[in-house]
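Thanks, everyone; I would like to take a few minutes on one structure, going through some backbone features, then a helix pair, and then the aromatic rings. Let me put it on the screen.

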Amino acid sequence: MLLNFKAQGAHLVKGSFNDYGSLVEAVKLVDVVICAISGVHIRSHQILLQLKLVDAIKEAGNRFLPSEFGTDPARMENAMEPGRVTFDDKMVVRKAIEKAGIPFTYISANCFAGYFLGGLCQPAKQLIPSTDSVVLLGDGNQKAIYVSEDDIATYTIKTIDDPRTLNKTLYLRPPQNILSQREVVEIWEKLIGKELNKSSISKEEFLAIMKEQDYAEQVGLTHYYHVCYEGCLVNFEIGAEGEEATKLYPEIKYTNVEEFLKRYI
């Protein structure tokens, strides 16, 4: 990925979390710092490493977009254990940013399409949609928001010198992509010309299965629960603290769910 950036003209600079001086020197060479460090426990959970970046940016005076890109952690104070650790750690970073007086933008990108749509919104499933069957979470009617990874990147870059997103949260809510699992499945069935066999799993069954998994899996499944059973992405209105991406940048043609699913045909 880095070599691909370089081939497109990006200038790569070195910095290490193990060498604070190198971090300071690196961030002094840019105007805006965007961090995409992993917060996924099944790979590596490194959110709090950003506190070193906060200290470095405080010296350099940059605008900072920390590693968020999912559910807004400020709205997850009642999240379940063990999944709440992700939101708690992100709030620790937010508080450090704001205490230091660092200009920021937080990106709430909701569901990455590659993870959710590829599995027809089923956790721990293959990342290519089934042409045979699907398990609905509850009744499958809870709405969520799906955004392609390329679109997340595009909207993120648009914010970096936009005064309208300074010290605010940018919510990515493409109107055509606010859909229930059933609606996603219906789009897929239309594309393949076939109805899938459907079963369902209640929230009680889901939680029971979740408790049998290891810690890392439980963290991820907790997030699925809040999204797919409780509707945590759509159960609030955006207030004065935030902006909505498609309204700020109507010139961007985002990828809708049907267009995204066509790649699997």
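I will begin with P82, which is found in the loop between β4 (63-65) and α4 (84-99), where helices (H or I, at least four residues) and strands (E, at least two) are DSSP runs numbered from the N terminus. Before going on, please keep in mind that this is a predicted model, in which local features need pLDDT of at least 70 and side-chain atom pairs count only at pLDDT 80 or more, while totals for chains, interfaces and linings use all residues. Residues are numbered from 1 along each chain as its sequence is written, and side-chain values use heavy atoms, with hydrogens and water left out.

What joins E81 and P82? It is a cis peptide bond, with omega at about -5 degrees. As background, most peptide bonds are trans, and most residues other than glycine have a negative phi.

That brings me to N110, which is not a glycine and yet has a positive phi of about 70 degrees. N110 sits in the loop between β5 (105-108) and β6 (111-112), and with a relative accessible area of 8% it is buried, buried meaning under 20% relative accessible area, exposed over 50% and partly exposed in between, with a 1.4 Å probe and protein chains only. C121, also other than glycine, has a positive phi near 70 degrees; C121 is placed in the loop between α5 (113-116) and β7 (133-137), and it counts as buried at 2% relative accessibility.

Now the helix pair. The axes of α2 (residues 20-27) and α3 (residues 50-60) come within 9 Å and cross at roughly 50 degrees, the axes being lines fitted to C-alpha atoms over the stretch in contact, with angles running from 0 to 180 degrees between N-to-C directions. The two helices are therefore oblique to each other, a class left over once angles under 35 degrees are called roughly parallel, over 145 roughly antiparallel and 65 to 115 roughly perpendicular. On the α2 side, Y20, L23, V24 and V27 meet residues of α3 including L53, A56 and I57, contact meaning heavy atoms within 4.5 Å.

Finally, the rings of F104 and Y106 have their centres 4.3 Å apart and their planes at 15 degrees, so this pair is stacked; rings of Phe, Tyr and Trp (its six-membered ring) pair if their centres lie within 6.5 Å, and planes under 30 degrees apart count as stacked, over 60 as edge-to-face and the rest as tilted. F104 is buried at 10% relative accessibility, and Y106 is buried at 2%.
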